[in-house]
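Q: Got a minute to go through this chain and its ligand with me? I'd like to start with the overall fold and then move to the ligand site.

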Amino acid sequence: MRFFIDTAKVEDIKKAYDMGIICGVTTNPSLIAKEGRVFEEVIAEIASIVDGPISGEVKATTEDAEGMIAEGREIAKIHKNMVVKIPMTAEGLKACKQLASEGIKTNMTLIFTANQALLAARAGATYVSPFLGRLDDISVRGVDCISEIAAIFKAAKVDTQIIAASVRNPIHVTDCALAGADIATVPFSVLDTMTKHPLTDAGIAKFKKDYMAVFGE
Ligand code: E4P
């Protein structure tokens, strides 16, 4: 399983990319709004940092296929690595089909069932984004959705890749990897937590103490 970072915060994207752990970025309207910056500017800056797929979502207020297609074409023009993120609705599927026919990559988002994922794949989505954490929030095991999608895509020989989204903690990351997600898109705080273990810190402190006892500074 590969990692994307799930944020529009440029400093965090740079830190994760410099560590060599991410190969793409996902954003959504809430994450863009949180930064309080113009969409095209922040996306162009992200594209200058990360050489990999960058998901930019159509406006949250655009609900018709024609509007999503027009915006999707503009998003695709920002950079060669752009992926157009489209909400999983009937209109979104129409937009996905059209953009895919033009060679534009798409990420169907807000996926909560395996059936939605299969429909998105059939409409030509490059990626589907099942939301693990938001399912867990309503007492539905999000990881089961991801394993079902992975099993169905394998059986049906579907090329669409699964991006596990709404990842909230390190256990979610392990669960997605075991469930067969191709990618997990993870907030910086979770990636940072994943680097740490108390025994790693204790080991470093002991090596330092033992070394210094013999060799000094
Ligand atoms: C990414 O594609 C999603 O928009 C994001 O992971 C949603 O995460 P949340 O449920 O924590 O807001």
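Q: Of the contacts between residues at least 6 apart in sequence, what share joins residues at least 24 apart?
A: 56% of them. Keep in mind that this is a predicted model.

Q: How many helices and strands are there?
A: The chain has 11 helices and eight strands.

Q: And what does the C-alpha trace span along its principal axes?
A: About 70 × 40 × 30 Å.

Q: What percentage of the residues is buried?
A: Of the 217 residues in the chain, 46% are buried. The accessible surface comes to about 11300 Å², and carbon and sulfur atoms account for 57% of that surface.

Q: OK, ligand. Which residues are around it?
A: Asp6, Asn28, Lys85, Phe131, Arg134, Ala165, Ser166 and Arg168.

Q: How far is a ligand oxygen from an N or O atom in the side chain of Lys85?
A: 2.6 Å. For the side chain of Asn28, the distance from a ligand oxygen to an N or O atom is 2.7 Å, and for the side chain of Ser166 it is 2.7 Å.

Q: How much of the ligand's accessible area does the protein cover?
A: On its own the ligand has 350 Å² of accessible area, and the protein covers 84% of that. The space that the ligand takes up is the second largest pocket.

Q: Back to Ser166. Where does it lie?
A: Ser166 is in the loop that runs between strand E7 (161–164) and helix H9 (170–179).

Q: Is Ser166 buried or exposed, and why?
A: Ser166 is buried, because its relative accessibility is 9% and the cut-off for buried is under 20%.

Q: What does the side chain of Ser166 make a polar contact with?
A: The side chain of Arg168, at 3.3 Å. Arg168 is also one of the residues around the ligand.

Q: Leaving out residues up to four places away in sequence, which ones does Ser166 touch?
A: Phe131, Leu132, Gly133, Arg134 and His172. Phe131 and Arg134 are also among the residues around the ligand.

Terms used. Residues are numbered from 1 along each chain as its sequence is written. This is a predicted model: local features need pLDDT of at least 70, side-chain atom pairs count only at pLDDT 80 or more; totals for chains, interfaces and linings use all residues. Side-chain values use heavy atoms; hydrogens and water are left out. Helices (H or I, at least four residues) and strands (E, at least two) are DSSP runs, numbered from the N terminus. Buried means under 20% relative accessible area, exposed over 50%, partly exposed in between (1.4 Å probe, protein chains only). A polar contact is a pair of N or O atoms within 3.5 Å; within protein, one must be able to donate a hydrogen and the other to accept it, and residues adjacent in sequence count only if both atoms are side-chain atoms. Contact means heavy atoms within 4.5 Å. A residue is near a molecule or strand if one of its heavy atoms lies within 4 Å of it. Accessible areas come from the Shrake-Rupley method with a 1.4 Å probe; for residues, only the protein chains shown count as cover. On a 1 Å grid over the protein atoms alone, a cavity is a set of points where a 1.4 Å probe fits but cannot get out, and a pocket is an open set with protein on both sides within 12 Å along at least five of seven lines; lining residues have an atom within 4 Å of a point. A molecule sits in a cavity or pocket if more than half of its atoms lie within 2 Å of its grid points.
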